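The entries follow the order in which I looked things up.

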Amino acid sequence: MLIINYKAYEKAIGNNSENITEKIRNSASETDKKIVVSPQTADLARLNGFELEVFAQHTDPVEKGSHTGSNQLKALEDAGITGTLINHSEKRLEDKVIEKTVKKCGKEGLTSVVCAQSPEECRKYSEFNPDYIAFEPPELIGSDTAVSTAEPDLIEEAVKASGDIPTLTGAGIKSKKDVEKSIELGCKGVLVASGVIKSENVEKEVRELCEGL
Ligand SMILES: O=C(CO)COP(=O)(O)O
């Protein structure tokens, strides 16, 4: 699985979210690998027609009702999500909120991907039983150094610490080789942001990353 996190990059928000998703869809149509896109909440519904799975970047585990400013799960589901990132390094949450969100996703049949900054966190979050744990060392996020090159031992530890929960990894991933190495180390997929969003040739970049899966 390849998850492409749009974050709040200029090239991937508003109308641009549709442009970049079209390019990603073009590459997706040439592969049988699963590609998931994760845009800003405001852009979720725009991406319904692209035949790609769409995950929220963040979800609040609140019921329907008086919760101003929340990303309410049912509302996100109506906007077309099939899953959500939880506790991304740029949107950290308390443990009890992570656990509650994972539970709610389970009830709704949505895929939960809990992000972890260390093998210790992988172990802790695996007890919440999410669908995936995504190990991303924060210092490498957005950098030119791939986690699979800089921290292969930590990836192996993270995979082990996650137990039965399939592990993904991300941070600095930009090439087929980075993806291949992550899979070799035991991961089931990768999360990528800048490598795709800032690429001069998004179609080619996505194609290459998929070849490594
Ligand atoms: O945070 C990430 C994905 O969620 C990784 O970001 P980069 O691919 O830009 O390092």
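The entries below go from the ligand to the helices, then to the core and a few single residues.

**Entry 1: the model.** I note at the start that this is a predicted model.

**Entry 2: the ligand.** I looked up which residues surround the ligand. There are 14 of them, and Asn-5, Gly-170, Leu-191, Ala-193 and Ser-194 come nearest. I then checked which elements give two or more residues to this shell, and found strand 8 (189-192) and helix 8 (194-197). Sorted by class, the shell has 6 nonpolar, 7 polar and 1 charged residues.

**Entry 3: helix 1.** I took the length of helix 1 next. Helix 1 runs over residues 15-28, which is 14 residues, and spans 20 Å from its first C-alpha to its last, close to the 20 Å expected at 1.5 Å a residue. Which residues of helix 1 are buried? I found Ser-17, Ile-20, Thr-21, Ile-24, Ser-27 and Ala-28. Seen down the axis of helix 1, these buried residues fall within an arc of 110°, so they line one face of the helix. The face turned away from the buried side carries the exposed residues Asn-15 and Asn-19. I also listed what the buried residues of helix 1 pack against: strand 1 (2-5), strand 2 (35-38), helix 8 and helix 9 (202-211).

**Entry 4: Ser-17.** Ser-17 has 22 other C-beta atoms within 10 Å, and it counts as buried because the cut-off is 20 or more. Leaving out residues up to four places away in sequence, Ser-17 touches Tyr-6, Ala-12, Pro-39, Asp-43, Arg-46 and Leu-47. From Ser-17 to Leu-44 I counted 27 residues in sequence, and the C-alpha atoms of the two are 9.2 Å apart in space.

**Entry 5: helix 4 and Pro-119.** In helix 4 (119-126), I found Pro-119, Glu-121, Cys-122 and Tyr-125 to be buried. They cover an arc of only 155° around the axis, which puts them on the same side of helix 4. They pack against helix 3, strand 5 (111-116), strand 6, helix 6 and strand 7. Pro-119 has 20 other C-beta atoms within 10 Å, so it is buried under a cut-off of 20 or more. The contacts of Pro-119 beyond four places in sequence are Leu-154, Glu-157, Ala-158 and Ala-161. Pro-119 and Leu-154 are 35 residues apart in sequence, with 7.0 Å between their C-alpha atoms.

**Entry 6: helix 7.** Just after helix 7, I noted Gly-186 with a positive phi of about 110°.

**Entry 7: Ser-148.** Ser-148 lies in helix 5 (residues 147-150). Is Ser-148 buried or exposed? It is buried, with 27 other C-beta atoms within 10 Å. Beyond its neighbours within four places in sequence, Ser-148 is in contact with Ile-155, Thr-169, Ile-173, Asp-178, Lys-181, Ser-182 and Leu-185. I also took the separation of Ser-148 and Thr-84, which are 64 residues apart along the chain: their C-alpha atoms are 24 Å apart.

**Entry 8: the core.** In soluble globular proteins, nonpolar side chains tend to be buried together. I looked for the largest nonpolar core here and found 59 residues in it. Those with the most contacts inside it are Ile-4, Val-113, Val-114, Ile-133, Ala-134 and Val-192. I followed one of them, Val-113, whose contacts beyond four places in sequence include Phe-55, Leu-85, Ile-86, Tyr-132, Ala-134 and Leu-168.

**Entry 9: two asparagines with positive phi.** Phi of Asn-87 is near 65°, and phi of Asn-129 is near 60°. Asn-87 is in the loop between strand 4 (83-86) and helix 3 (95-108), while Asn-129 is in the loop between helix 4 and strand 6 (132-135). I checked the burial of each. Asn-87 is buried, with 24 other C-beta atoms within 10 Å, whereas Asn-129, with 15 C-beta neighbours inside 10 Å, counts as partly exposed.

Conventions. Residues are numbered from 1 along each chain as its sequence is written. This is a predicted model: local features need pLDDT of at least 70, side-chain atom pairs count only at pLDDT 80 or more; totals for chains, interfaces and linings use all residues. A residue is near a molecule or strand if its C-beta atom, placed from the backbone, lies within 6 Å of it. Helices (H or I, at least four residues) and strands (E, at least two) are DSSP runs, numbered from the N terminus. Ala, Val, Leu, Ile, Met, Phe, Trp, Tyr, Cys and Pro count as nonpolar, Asp, Glu, Lys and Arg as charged, and the others, Gly among them, as polar. The expected span of a helix is 1.5 Å times one less than its number of residues. A residue is buried if 20 or more other C-beta atoms lie within 10 Å of its own, exposed if 12 or fewer, and partly exposed in between; C-beta atoms are placed from the backbone. The arc is that of the directions from the helix axis to the C-beta atoms. Two residues are in contact if their C-beta atoms, placed from the backbone, lie within 7 Å. A nonpolar core is a set of buried Ala, Val, Leu, Ile, Met, Phe, Trp, Tyr and Cys residues joined through C-beta atoms within 7 Å.
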